[in-house]
Amino acid sequence: MEDKTTWAASAEKLNVVFRSRRGTHQAVKDFSLCLERGGTLAVVGQSGSGKTTLLRALIGLVPPTSGKAELFGRDVNTLAPGELAKTRQRCGYVPQDPYGALPPGLTALEAVMEPAVIARRSWSKDETRTRAVDLLAELGLTETRILNSRAVGLSGGQRQRVELARALMLEPELLLCDEPTSMQDVSTRGEIVAVLERHVARGMSMIFVTHDLRLASRAAQRVIVMRNGELCEEGDAQRILKDARHPYTRELIASIPVLPEA
Ligand SMILES: Nc1ncnc2c1ncn2[C@@H]1O[C@H](COP(=O)(O)OP(=O)(O)O)[C@@H](O)[C@H]1O
Ligand SMILES: [Mg+2]
């Protein structure tokens, strides 16, 4: 597959307008971003600011009203279905809602193995299973009872970690994760970010969506603050935390509860 671009993902003047009986709502406004290969980007904003819609538009799950979304330099809205599927296989996606996202008929372990089965990786069944068990263990899920449990038997936090393992199973070049630690306690959040760091160290790019600016600055090198569908502030993660320029970003920082470092 030819792609000489240095970008893992990019958006150019992306607009997403939802129309419903209640009228129209512009969830994403003139949004542009670039994520270089191997880079990490966090998108931060309060609930309703358009983070989920932006992420879904980037992988072609939400059609933009105008503007362009690209993965590895390829426009996700003009790719032929087969090409889009191939491009998506290079990405891991962790949806925001872990309820309803996991296949209900599969155990946690089977759900993590499934992407490899669908992508027809040449891994043997044993190798696939070992990789899935290792990934789940990395994310703190080791008990046989949990690995053999179907989605209904898992807590929200456990489902989120199974989703993450599923998304990492094919060693994606790009991970797009939507509030992947929202249901974890503080110490588990830190452990999950550490797992993600290890995958970034092997060359994975990542877009990490969260409403928690402090977590964002730990998970990613660069932060974009989003407000009412628009880009509000962008910069180096540590700089934003120490020296936010936009009043809205300062508000976000002020709203972070002071907790002991996890
Ligand atoms: N499918 C949809 N139809 C209509 N409105 C939607 C839809 N999805 C999201 N929205 C609206 O778009 C706005 C942004 O939502 P969302 O992208 O989920 O924000 P966030 O992830 O930051 O909480 C919200 O006002 C939400 O109600
Ligand atoms: Mg969301």
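Me: How do the residues of the shell around ligand 1 divide into nonpolar, polar and charged ones?
Reply: In this predicted model, the shell around ligand 1 divides into two nonpolar residues, nine polar residues and one charged residue.

Me: And which residues surround ligand 1?
Reply: Ligand 1 is surrounded by Phe-18, Ser-20, His-25, Ala-27, Gly-45, Ser-47, Gly-48, Ser-49, Gly-50, Lys-51, Thr-52 and Thr-53. The elements that give two or more residues to this shell are β1 (7–20), β2 (23–36) and α1.

Me: Which element gives the most to that shell?
Reply: That is α1, which gives three residues to the shell around ligand 1.

Me: OK, staying with helix α1, how many of its residues are buried?
Reply: Eight of the eight residues of helix α1, which covers residues 51–58, are buried, so this helix is largely enclosed by the rest of the structure. The buried residues are Lys-51, Thr-52, Thr-53, Leu-54, Leu-55, Arg-56, Ala-57 and Leu-58.

Me: Which residues other than glycine have a positive phi, then?
Reply: Asp-30 is one of them, with a phi near 45°, and Arg-120 is another, with a phi near 50°. A further positive phi, near 45°, is taken by Asn-228 in the hairpin of β9 and β10, where two residues lie between the strands.

Me: Where is Asp-30 found, and what is it in contact with?
Reply: Asp-30 is found in strand β2, and, if we leave aside its neighbours within four places in sequence, Asp-30 is in contact with Lys-13, Asn-15 and Glu-230. The C-alpha atoms of Asp-30 and Ala-11 are separated by 9.2 Å, with these two residues 19 residues apart along the chain.

Me: Why does Asp-30 count as partly exposed?
Reply: Asp-30 counts as partly exposed because it has 15 C-beta neighbours inside 10 Å, and that count falls between the cut-offs of 12 or fewer for exposed and 20 or more for buried.

Me: And Arg-120, is that one buried or exposed?
Reply: Arg-120 counts as exposed, because it has 7 C-beta neighbours inside 10 Å. Arg-120 is found in the loop between α3 and α4 (125–138).

Me: Which strands pair with β8 in the parallel sense?
Reply: Strand β3 (residues 40–44) pairs with β8 in the parallel sense over five bridges, and β7 also pairs with β8 in the parallel sense over five bridges.

Me: How many residues of β8 are buried?
Reply: Six of the six residues of strand β8 (residues 205–210) are buried, so β8 is largely enclosed by the rest of the structure. Both faces are covered, with Ser-205, Ile-207 and Val-209 buried on one side and Met-206, Phe-208 and Thr-210 buried on the other.

Me: Changing topic, what domains does the protein have?
Reply: The domain assignment gives domain 1 (1–90 + 174–256) and domain 2 (100–171), and the C-alpha centres of the two domains lie 24 Å apart.

Me: How many residues are in contact between them?
Reply: Eleven residues of domain 1 are in contact with eleven residues of domain 2. On the side of domain 1 that touches domain 2, β7 (174–178) and α7 (186–201) each supply at least two residues, and α7 gives the most, with five residues. By class, that side of domain 1 has six nonpolar, four polar and one charged residues.

Me: What is Ala-165 in contact with?
Reply: Leaving aside neighbours within four places in sequence, Ala-165 is in contact with Val-112, Ala-132, Leu-135, Leu-136 and Leu-139.

Notes
Residues numbered from 1 in each chain as written. Chains lettered and ligands numbered in written order. Predicted model: local features only at pLDDT ≥ 70, side-chain atom pairs only at ≥ 80, totals over all residues. Contact = placed C-beta atoms within 7 Å. Helix = DSSP H or I, 4+ residues; strand = E, 2+ residues; numbered from the N terminus. Near = placed C-beta within 6 Å. Nonpolar A, V, L, I, M, F, W, Y, C, P; charged D, E, K, R; others polar. Pairing = 2+ DSSP bridges. Domains from an automatic or database assignment.
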